[in-house]
Amino acid sequence: MPSTPPSPVSELLLEYQHYIVAYRLRRTLGGGLTPAGAQLSLGEYGLARNQRQALARQMISRACAPGTLSRLDAMTDTLMFGFWHNPAQVADFVRAAIRQGGHPALEQPAVFAELLSAAERARLGPDGVSRIIRHYYACLATAALYTNPHGMDEAWARIEAETVPLFVDELAAAERR
């Protein structure tokens, strides 16, 4: 039975969840990879996402004030927009992590799993945690395959094979409100 496509709302929530996991990973790796600001709440992320989209529309329509591109780049960095699914961004991140000496979270699934809270791991169960790790490791693998189009096709197939459920605590807390 084919799966139903995600709704636009769940796609946006999944985007926020990807932001949370990227934020946690970058904070864990520290050094030059540490996110510049505090982790955004769901509402703050949504507002910033809307502002980023407005700037992008301005760029497309060419009705933009000087400095719009730099503001758009800064917002993209803050939101970690596309972090997991942009092979160039992943490759830049992995190279920076290697320059810093690497981190066990990038190589050891049990350490990566520690990025998830105890409540998230309990909600997902062992199989769900394994699915999450497989998904994000497949995303990280795109860095190595960035220059190999055939390998990239295989990596995307692995990424798309692992549907990621909504699981982060920040979304569970928003749901209770």
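Helix H4 (residues 87-99) contributes the most to the lining of the second largest pocket, with four residues; helices here are DSSP runs of H or I of at least four residues, numbered from the N terminus. This is a predicted model, in which local features need pLDDT of at least 70 and side-chain atom pairs count only at pLDDT 80 or more, while totals for chains, interfaces and linings use all residues. Residues are numbered from 1 along each chain as its sequence is written, and side-chain values use heavy atoms, with hydrogens and water left out.

The second largest pocket has a volume of about 170 Å³. On a 1 Å grid over the protein atoms alone, a pocket is an open set of points where a 1.4 Å probe fits, with protein on both sides within 12 Å along at least five of seven lines, and lining residues have an atom within 4 Å of a point. The volume is the space filled by probe spheres set on the points. Among the lining residues are Arg26, Leu33, Asp77, Asp92 and Phe93.

Arg26 itself belongs to helix H1 (residues 8-29). Is this residue buried or exposed, and which side chain of opposite charge is nearest? Arg26 is buried (under 20% relative accessible area) but has no salt bridge, a term for a side-chain nitrogen of Lys or Arg within 4 Å of a carboxyl oxygen of Asp or Glu. The nearest side chain of opposite charge, Asp77, is 6.3 Å away. A polar atom of the Arg26 side chain does, however, lie 2.9 Å from the backbone oxygen of Leu33.

Another lining residue, Asp92, forms a salt bridge with Arg95, with the closest N and O atoms 2.5 Å apart. The two are separated by about one helical turn because they are three residues apart in helix H4.

Seven salt bridges are present in the structure. One of them joins the side chains of Glu15 and Arg49 (2.5 Å, N to O). This pair links distant parts of the chain, with Glu15 in helix H1 and Arg49 in helix H2 (residues 42-61), 34 residues apart. Both Glu15 and Arg49 are buried.

Finally, Trp84 sits in the loop between helix H3 (68-79) and H4. Trp84 is buried, at 2% relative accessible area, and a polar atom of its side chain lies 3.0 Å from the backbone oxygen of His18.

Conventions:
Buried means under 20% relative accessible area, exposed over 50%, partly exposed in between (1.4 Å probe, protein chains only). Lys and Arg count as positive and Asp and Glu as negative; His and the chain ends are not counted. A polar contact is a pair of N or O atoms within 3.5 Å; within protein, one must be able to donate a hydrogen and the other to accept it, and residues adjacent in sequence count only if both atoms are side-chain atoms.
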